[in-house]
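Work through the exercises below with the sequence and the structure at hand, and try each task before reading its solution.

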Amino acid sequence: MDTFMTVRSYGRNCREANRLARESLLECEDLISTTKENSLIYMLNEEPEKGVKTGVEICGLVDFSIKMAERTYGALNPVLFPVTRAWGFTSGNFRIPDEQEIEELLKLVDYRNIKIEPAEDSAEKAEFRISMKAGMMMDLGAVGKGFAGDRVLKMLSLAGIESAIIDLGGNIQVLGNKPDGSPWTVGVKNPWGGEPVCGIKVSDCAVVTSGGYERFFEGEDGRRYIHIFDGRTGCPVENDLVAVTAVCASGLYADSLSTALFVMGSEKAVSFWRENRDFDFVIIKKDAAVLYTAGLKGKIFFTAGTPAAVCVE
């Protein structure tokens, strides 16, 4: 997943549990990596029309991504890989495609052209075939770490672990409380450096942040281009946000939300929360203003240097 990952668990079986967690993370990489040859997603992207055969777990992940794309009106899009690749974010060879190239690429990012069907040539009843139109390419990067985190916490729980914290490149998920019985405290990073903007006390929860302040490049035009893309324009997002942190029980849901809300911008993100209210968020705007949802009252505390935060009701 191209990032540092840590798993810390507490209990009698923690050494064995951590070993199983490592194996699970490596297996996720083998399944959904876009760059690792012979991964399921790599093979799908090689022959999208033929598709790939998979079981319930990955079928469910792709189906979730499609449903979130529909629910967020495309703010989350699992088939943006042709676009992000063209801009160089997959290779590090950054460039700015011209308008004609972007227009052609946008024909390949319609998530409604993903098909999930029962695998007719399968001896197993619980196998499906995922396929897409020619030229399309899938990238589950916006949900992959959340999916992996949920998988790991479930494995740790089954191994008898009651207290654990995992950090998958900034995706923080916790199992239970700390060993002393108190909630975990997860900090929200300050995009401009220094002390965290705030801390959130959580138990059995995911705290996932998306922001444009770490992965970006500066073009010859002097503008900064971040790694989070708007599928409607085929370009990096440009709005009033610097970072979005989503807080909820599911790592998969939090991962997808942090990206989608960032793409939406603050006004639409707040409207989306008011329509759903099954998660919480902390939004940091470019003017350093901070918004947080009412569900975090009593759980969130701000550091001394943080400007006055506004609670969204």
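**Exercise 1: strand pairing**

Ile166 stands opposite Gln173 in strand 6. Starting from this pair in a model that is predicted, describe how strand 5 is joined to strand 6 and to strand 1.

Solution. Begin with strand 6, which covers residues 171-175 and runs antiparallel to strand 5, with five bridges joining the two. Next, look at the connection, where strand 5 and strand 6 form a hairpin with two residues between them, and where Gly169 in the turn has a positive phi of about 60 degrees. Then turn to strand 1, residues 5-10, which pairs with strand 5, residues 163-168, in the antiparallel sense over six bridges.

**Exercise 2: the largest pocket**

State the volume of the largest pocket and describe its lining by class.

Solution. The space in the largest pocket comes to about 1,700 Å³. Its lining is made up of 50 residues, and those nearest the centre are Met1, Gly141, Lys145, Arg215 and His227. Sorted by class, the lining holds 19 nonpolar, 21 polar and ten charged residues.

**Exercise 3: the second largest pocket**

Which strand gives the most to the lining of the second largest pocket?

Solution. This pocket has a volume of about 300 Å³, and of the 15 residues that line it, Gly212, Arg224, Ile226, Leu241 and Lys286 are the closest to its centre. The elements that give two or more residues to this lining are strand 11 (224-226) and strand 14 (241-248). Of these, strand 11 gives the most, with three residues. By class, the lining divides into ten nonpolar, two polar and three charged residues.

Key: Residues are numbered from 1 along each chain as its sequence is written. This is a predicted model: local features need pLDDT of at least 70, side-chain atom pairs count only at pLDDT 80 or more; totals for chains, interfaces and linings use all residues. Side-chain values use heavy atoms; hydrogens and water are left out. On a 1 Å grid over the protein atoms alone, a cavity is a set of points where a 1.4 Å probe fits but cannot get out, and a pocket is an open set with protein on both sides within 12 Å along at least five of seven lines; lining residues have an atom within 4 Å of a point. Grid points are joined across faces, edges and corners, and a volume is the space filled by probe spheres set on the points. Ala, Val, Leu, Ile, Met, Phe, Trp, Tyr, Cys and Pro count as nonpolar, Asp, Glu, Lys and Arg as charged, and the others, Gly among them, as polar. Helices (H or I, at least four residues) and strands (E, at least two) are DSSP runs, numbered from the N terminus. Two strands pair if DSSP finds at least two bridges between them.
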